[in-house]
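Biologist: I am new to this structure and would like to learn how to read it. Please take me through it feature by feature.

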Amino acid sequence: MIAFYDVLIKEKGFTKEGLFDELNISYTSYTRAKEKDTTSSRIIIDKLNKYFNINELDYSKQDEYEETLNNVLYRFYYHGENILEFEPLILKYIDDNNYLKPLFLLLLLLIKSAVLKSPQRIFEDNEELYHELTRYKNTYFVSPFLEIYTILDICYSKNEYKEFDKEVVFKDNMKGLIYNAYCTNAYLAGKYDLCLYYARECKDQLIKDCNYNRLSIVNLTYFACLNKLGEYSKCLTECRNQLLYLTQTKTEKFLIRSTEIHYYTACIGLYEYEEVINNIITKTEITTSDYIFLLVAGSHNKKDYIKYIERFKSEESRYTEHQRDDIYTIIGYLSKKQRSIYKERLAKVNINIGLMDILLKDY
């Protein structure tokens with residue numbers, strides 16, 4: 001409670017002495033209230049509640065709060081389905097407007113950050129909420145919320161590299177998530193060797209916890225780094241294993257398609273063009289990403305390449321203008337004409353870092 005009010009007092013620009021004189025609060029009693037829950041500290045809290053228009057905590061909700069907190073944390077850790085279903089409940093708790101509000105804001109950011117989107121898009125969607133929580137980072141959060149804040153703080157640093165914080169002692173059951181966050185950060189900062197290290201540490205912890213859902217997500221970053229560093233054979237083998245697991249367990253399409261992207265990239269890095277073509281042409285629904293791989297792999301056979309271009313042109317109305325632009329940029333780049341123009345456009349095409357490297361080096 002006191003940590004919460006320290007933030008509010010500082011933000012309002014009050015001096016504690018002036019505010020405490022106005023509210024008839026002893027500074028010594030306020031300091032003692034940080035350490036002990038006494039009748040005196042309750043009186044102080046009651047005065048501050050009224051002054052800042054904060055509601056008293058309804059202790060009849062304690063079990064409900066705790067159950068929701070546990071459910072959200074477990075759902076997040078094991079990457080369970082539909083974590084966003086907790087959002088209305090968390091918003092209701094935020095509206096309770098008591099001193100636990102920052103904790104529920106933290107959970108709101110957590111569930112909003114657990115969706116399958118690019119890290120950049122997640123940051124853009126939730127930047128305001130993240131900055132609101134930075135107000136409480138130094139004194140308010142305790143474990144496991146301290147670890148959760150640290151995880152989100154790392155993730156929301158975007159491509160700014162964050163050194164591993166050796167000063168904070170993380171609980172063992174939170175280390176999988178901590179390493180996951182550092183892995184993502186290293187990837188966005190372009191430190192791919194370090195990203196692989198964090199990914200392996202994370203994977204070891206997740207396997208120990210039988211957390212296979214989250215392991216599949218972490219593997220996407222791991223696969224991207226393997227391809228970026230030219231470890232195509234290793235990536236091919238591990239992607240193939242993950243695809244087999246995902247398809248047999250009927251996992252959501254996004255995860256399967258994301259794994260396929262790294263699988264196809266590894267195939268192209270190993271000149272296994274037929275593997276890519278055979279996997280894509282049998283699909284009932286071909287995405288623009290599929291078409292990019294089909295065109296790159298097919299460009300080694302002129303007759304087939306022309307056929308794939310014609311097939312795309314016959315279906316291009318199904319895709320957005322931006323998606324069509326991506327495909328035509330790839331076609332233009334592979335033509336080797338006006339190379340400087342298409343090379344510049346290629347940097348804006350939505351393709352993974354491994355394929356981008358292959359195109360720039362070998363095509």
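**Reading the model**

Modeller: Among contacts in the protein between residues at least 6 apart in sequence, 61% join residues at least 24 apart; contact means heavy atoms within 4.5 Å. This is a predicted model, in which local features need pLDDT of at least 70 and side-chain atom pairs count only at pLDDT 80 or more, while totals for chains, interfaces and linings use all residues. Residues are numbered from 1 along each chain as its sequence is written, and side-chain values use heavy atoms, with hydrogens and water left out.

Biologist: How many helices and strands does the protein have?

Modeller: Helices (H or I, at least four residues) and strands (E, at least two) are DSSP runs, numbered from the N terminus. In this protein there are 20 helices and zero strands. Along the principal axes, the C-alpha atoms fill a box of roughly 85 × 40 × 35 Å.

Biologist: What percentage of the residues count as buried?

Modeller: Buried means under 20% relative accessible area, exposed over 50%, and partly exposed in between (1.4 Å probe, protein chains only). Of the 363 residues, 49% count as buried. One case is N227, in helix α12, which is buried at 0% relative accessibility. Leaving aside neighbours within four places in sequence, N227 is in contact with Y232, C235, H262, T265, A266 and G354.

Biologist: How do I read the packing of two helices?

Modeller: Two packed helices are described by the angle between their axes and the distance between the axes. The axes are lines fitted to C-alpha atoms, for helices over the stretch in contact, and angles run from 0 to 180 degrees between N-to-C directions. Angles under 35 degrees count as roughly parallel, over 145 as roughly antiparallel, 65 to 115 as roughly perpendicular and the rest as oblique.

Biologist: At what angle do α11 and α12 cross?

Modeller: Helix α11 (residues 192–208) and helix α12 (residues 212–228) cross at roughly 155 degrees, and their axes come within 9 Å. The two are therefore roughly antiparallel. The crossing of α11 past α12 is left-handed, a term for a near helix turned anticlockwise from the far one by less than a right angle (right-handed if clockwise). Residues making this contact include Y192, L196 and A199 of α11 and L215, V218 and Y222 of α12.

Biologist: Which residues meet between α9 and α10?

Modeller: E147, T150, I151, I154 and C155 of α9 meet L177, I178, A181, Y182 and N185 of α10. The axes of α9 (residues 145–155) and α10 (residues 175–188) come within 8 Å and cross at roughly 10 degrees. That makes α9 roughly parallel to α10.

Biologist: Where does M174 lie, and is M174 buried or exposed?

Modeller: M174 lies in the loop between α9 and α10 and is buried at 10% relative accessibility. Beyond its neighbours within four places in sequence, M174 is in contact with P144, E147, I148 and I151. P144 itself lies in the loop between α8 (119–133) and α9.

Biologist: What should I look for in the backbone?

Modeller: Most residues other than glycine have a negative phi, and most peptide bonds are trans. Here the peptide bond from S143 to P144 is cis, with omega near 5 degrees. Y271 is not a glycine but has a positive phi of about 65 degrees; Y271 lies in the loop between α14 (253–269) and α15 (273–281) and is exposed, at 57%. Q338 has a positive phi near 45 degrees and lies in the loop between α18 and α19 (339–346). Q338 is exposed, with 53% relative accessibility.

Biologist: How many aromatic pairs are found in the whole structure?

Modeller: Rings of Phe, Tyr and Trp (its six-membered ring) pair if their centres lie within 6.5 Å; planes under 30 degrees apart count as stacked, over 60 as edge-to-face and the rest as tilted. A search of the whole structure finds 31 such pairs. One of them, F312 with Y328, is edge-to-face, at 5.6 Å centre to centre and 70 degrees between the planes. F312 is in helix α17 (residues 302–315) and Y328 in helix α18 (residues 321–334), so the pair ties together parts that are 16 residues apart in sequence. F312 is buried, at 0%, whereas Y328 is partly exposed, at 31%.
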